[in-house]
Amino acid sequence: MTTGRRRDVIGVRALVLGAMVLGAACTAGGATPRVSGTKAAPTTTTTTFAVPTGIPRYQPATPVLDTTTPARLQIPAIGVDTDLVSLGLNPDGSMEVPAKWGEAGWYSRGPRPGEDGPAVIAGHVDSKLGPAVFFRLHDLHAGDEVRVTRSDGSVVRFVIDRLEQFPKVSFPTAEVFAPTPGPTLRLITCTGAFDETRHSYLDNLVAFALPET
């Protein structure tokens, strides 16, 4: 487990899948990219994440959530308190993005938080109006709590294990999406340098979380 303020930043070669997106965009409609901690001129950005094509689908040992869906995400350490929307796939195979900058979304074709397997929640990092829901994701530390409230009012609690940064061109799909023996959580946003030509950040930031014990 990573401790203190240390963040592991690695670039690994892995399966390259057809683009899991925070909808084809760390936004699609105008974002203000961060450059060396400052704000650049507003422009349009693209948030892409790899979709887990070819990764074995998780098989929960016990289907604990027959109809219950994740409804709210809270990360007290970075001030996140947001509704969760369901994210599917676009016709091109990319992952849908939340329509609102201040909302995060859960990947509905994977495990729900609390089920066996890696549940995925994605959010924008910024917009042309300023910070978005996961703007401070990089400030998380190992041990920080993440709470997911489900539609039946029950709460699933996780703790951050580590943060890792990956180039989008070599996103480690197997590491992020492969089945896990119990419930796990991945929080994903965009980060890294900003490509002015593609209007996109070059990297993804993934916060890995484990069940609170």
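## Aromatic pairs

Four aromatic pairs are counted in this predicted model. In one of them, the ring centres of phenylalanine 166 and phenylalanine 171 are 5.9 Å apart and the ring planes stand at 70°, so this pair is classed as edge-to-face, given that planes over 60 degrees apart fall into that class. Phenylalanine 171 also pairs with phenylalanine 177, and here the arrangement is tilted, with 6.5 Å from centre to centre and 45° between the planes.

## Burial of the phenylalanines

Phenylalanine 166 has a relative accessible area of 0% and is therefore buried, while phenylalanine 171, with a relative accessibility of 1%, counts as buried as well, the cut-off for this class being under 20%. Phenylalanine 177, the partner of phenylalanine 171 in the tilted pair, is likewise buried.

## Aspartate 161 and arginine 162

Aspartate 161 belongs to strand S11, which covers residues 155-167, and because its relative accessible area is 11%, aspartate 161 is assigned to the buried class. The side chain of aspartate 161 is joined to that of arginine 162 by a polar contact of 3.0 Å.

Key: Residues are numbered from 1 along each chain as its sequence is written. This is a predicted model: local features need pLDDT of at least 70, side-chain atom pairs count only at pLDDT 80 or more; totals for chains, interfaces and linings use all residues. Side-chain values use heavy atoms; hydrogens and water are left out. Rings of Phe, Tyr and Trp (its six-membered ring) pair if their centres lie within 6.5 Å; planes under 30 degrees apart count as stacked, over 60 as edge-to-face and the rest as tilted. Buried means under 20% relative accessible area, exposed over 50%, partly exposed in between (1.4 Å probe, protein chains only). Helices (H or I, at least four residues) and strands (E, at least two) are DSSP runs, numbered from the N terminus. A polar contact is a pair of N or O atoms within 3.5 Å; within protein, one must be able to donate a hydrogen and the other to accept it, and residues adjacent in sequence count only if both atoms are side-chain atoms.
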